[in-house]
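Visitor: Could you walk me through this one before I set anything up with it?

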Amino acid sequence: MYTLMLYSLKVGACLAVFYLFFKLLLSRETFHRLNRIVVLAAMVLSFVLPLCVITVYRELPAMPELPSAEPESQPFPWDKAATAAFLAGAAAALLWTLGSVCGVLHMIRRGHRERLGDGSVLVRTDQPVVPFSWYRYIVMSEKDLAENGEAIVLHEKAHLRLRHSFDLLVTDLAGCLQWFNPAMWLLRRELRAIHEYEADEAVLDSGVDARQYQLLLIRK
């Protein structure tokens, strides 16, 4: 387990370097598809690079025998304590992720489902939820559907078409091993922002009035 924790620390260092690279060079660019690919590739590479170990063998002269030292008191097992803390954090992050997924599934089961023409499923609920999409489901309140249903549905359909749910699921699972690393959560936030930009661009390309849509985004 100590080896796993050491591997995670190396992954964390890679994520921090890639985040700084993205923030300084690409975060202001409007090529959202490219930014999405870069962020996802950075996460994958961060988990792969620490596995690429180059071992160099060389002979060393024999060490002279040293007189046996008197037994000393056992030091505090910091390595075991750190490993236990790492595993506890990873388990808590995994439980939080599973709880979020279960909450989404519960909301989908309780809502009124309506299949749309493109195969996605609109789930209407009386609860005051922020509209969101997951897998092939679009969840929104009856109030939002009545007021701005067309634009919101177009926005969420774009999320589904671009497979944004898959990105976030992979990122959440990776975050279970990197729960201690701010760079992991900052990259996740950047990825979510890119998703929103991509969906907004798809809505505007469909012919929705840009000014009205901007006002909708401000209200939401």
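Visitor: What kind of model is it, and how are things counted?

Guide: This is a predicted model, in which local features need pLDDT of at least 70 and side-chain atom pairs count only at pLDDT 80 or more, while totals for chains, interfaces and linings use all residues. Residues are numbered from 1 along each chain as its sequence is written, and side-chain values use heavy atoms, with hydrogens and water left out.

Visitor: OK, how many salt bridges are there?

Guide: Taking a salt bridge as a side-chain nitrogen of Lys or Arg within 4 Å of a carboxyl oxygen of Asp or Glu, the count comes to eight. One of them joins the side chains of Glu190 and Lys23, at 2.8 Å from N to O. Glu190 lies in helix 6 (residues 182–205) and Lys23 in helix 1 (residues 2–25), so this pair ties together parts that are 167 residues apart in sequence. Helices here are DSSP runs of H or I with at least four residues, strands are runs of E with at least two, and both are numbered from the N terminus.

Visitor: And is Glu190 buried or exposed?

Guide: Glu190 is buried, at a relative accessible area of 11%, whereas Lys23 is partly exposed at 37%. The cut-offs are under 20% relative accessible area for buried and over 50% for exposed, with partly exposed in between, using a 1.4 Å probe and protein chains only.

Visitor: What does Asp172 pair with?

Guide: Asp172 forms a salt bridge with Arg188, their closest N and O atoms being 2.6 Å apart. Asp172 lies in helix 5 (residues 164–177) and Arg188 in helix 6, so the bridge ties together parts 16 residues apart in sequence. Both Asp172 and Arg188 are buried. Elsewhere, salt bridges that share partners join Arg33, Arg36, Asp167 and Glu198 into one network.

Visitor: Switching to the strands, which way do the side chains of strand 2 point?

Guide: Val121, Val123 and Thr125 point one way from strand 2, and Leu122 and Arg124 the other way, and all are buried. As a general point, side chains in a regular strand alternate between the two faces of the sheet.

Visitor: Which strands does strand 2 pair with?

Guide: Strand 2 pairs with strand 1 (residues 112–115) in the antiparallel sense over four bridges, and with strand 4 (residues 137–141) in the parallel sense over five bridges; pairing requires that DSSP finds at least two bridges between two strands. Arg113 has Val123 in strand 2 as its bridge partner, while Arg124 is partnered by Met140 in strand 4. The hairpin of strand 1 and strand 2 has five residues between the strands, and Gly119 there takes a positive phi near 95 degrees.

Visitor: What about the nonpolar core?

Guide: A nonpolar core is a set of buried Ala, Val, Leu, Ile, Met, Phe, Trp, Tyr and Cys residues joined through side-chain atoms within 4.5 Å. The largest has 15 residues, of which Leu15, Val39, Met43 and Leu187 touch the most other members. Helix 1, helix 2 (32–48) and helix 6 each give two or more residues to this core. A second, separate core of 11 residues includes Leu116, Leu122, Leu160 and Leu216.

Visitor: What is Val39 in contact with?

Guide: Leaving aside neighbours within four places in sequence, Val39 is in contact (heavy atoms within 4.5 Å) with Phe22, Leu187, Leu191 and Ile194.
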